[in-house]
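Hi,

Here is the structure I promised to pass on.

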Amino acid sequence: FDVTEQKKLQEQVNHYANIVEQSSEAIISRNINQQFISWNKGAEKLFGFTKEEAIGKTAASLGIAKLSDAEKASLENALEKNGCWESEREHFHKNGSSFQGSVTATVIKDENGKTNSTVFIVKDITERKQLENQLKKLNEELEEKIKQRTAEIGLSEKKYRYLFENNP
């Protein structure tokens, strides 16, 4: 039997599996019961749970995402309707500390179009959010300084206009 094509296909599958496993981003998937079925090294590093600790658990049981019932319903509705969902929200490490994360979820369907899992990619955006907040604060301070300076210039102009107009 010629297994050349089969070997090429297996190499390609292994290559893609290595890309996911070695990614610095957390790439995790869950089954239709919301239990994790994959957990890469990026997820181990980001959340602090090993693959063995996470597989078979849910996000709620690990405490990595705390969603209200309304947020859960919104997430599931978006996945059902659009096949994907994106959000920026607070996530939690194993030690309980939090971080801001950007999460993208995509539904994976079988050949019959039936959902069999969902893949989540989570990225720590805490530093970006801190910089955004710092920039916002600096912009607010700059706006206030501009208002003050504009008022000072207006007062100065008024004063000099009065002197000029009343100059004999």
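This is a predicted model: local features need pLDDT of at least 70, side-chain atom pairs count only at pLDDT 80 or more; totals for chains, interfaces and linings use all residues.

Numbering runs from 1 along each chain as its sequence is written, and side-chain values use heavy atoms, with hydrogens and water left out.

The largest pocket holds about 420 Å³ of space. (A pocket is an open set of points on a 1 Å grid over the protein atoms alone where a 1.4 Å probe fits, with protein on both sides within 12 Å along at least five of seven lines; lining residues have an atom within 4 Å of a point.) Its lining has 21 residues, with Arg30, Ala59, Ala65, Leu67 and Leu75 nearest the centre. By class, that's 13 nonpolar, three polar and five charged (Asp, Glu, Lys and Arg count as charged; Ala, Val, Leu, Ile, Met, Phe, Trp, Tyr, Cys and Pro as nonpolar; the others as polar).

The second largest pocket has about 200 Å³. Of its 13 lining residues, Glu76, Leu79, Val107, Thr115 and Thr118 are closest to the centre. This lining has three nonpolar, six polar and four charged residues.

Now zoom in on Thr118, in strand β5 (strands are DSSP runs of E, at least two residues, numbered from the N terminus). Thr118 is buried, at 6% relative accessible area (buried means under 20%, with a 1.4 Å probe and protein chains only). Beyond its neighbours within four places in sequence, Thr118 contacts Ile28, Ser29, Arg30, Leu79, Ala105, Thr106 and Val107 (heavy atoms within 4.5 Å).

Cheers

Note on methods: Grid points are joined across faces, edges and corners, and a volume is the space filled by probe spheres set on the points. Helices (H or I, at least four residues) and strands (E, at least two) are DSSP runs, numbered from the N terminus. Buried means under 20% relative accessible area, exposed over 50%, partly exposed in between (1.4 Å probe, protein chains only).
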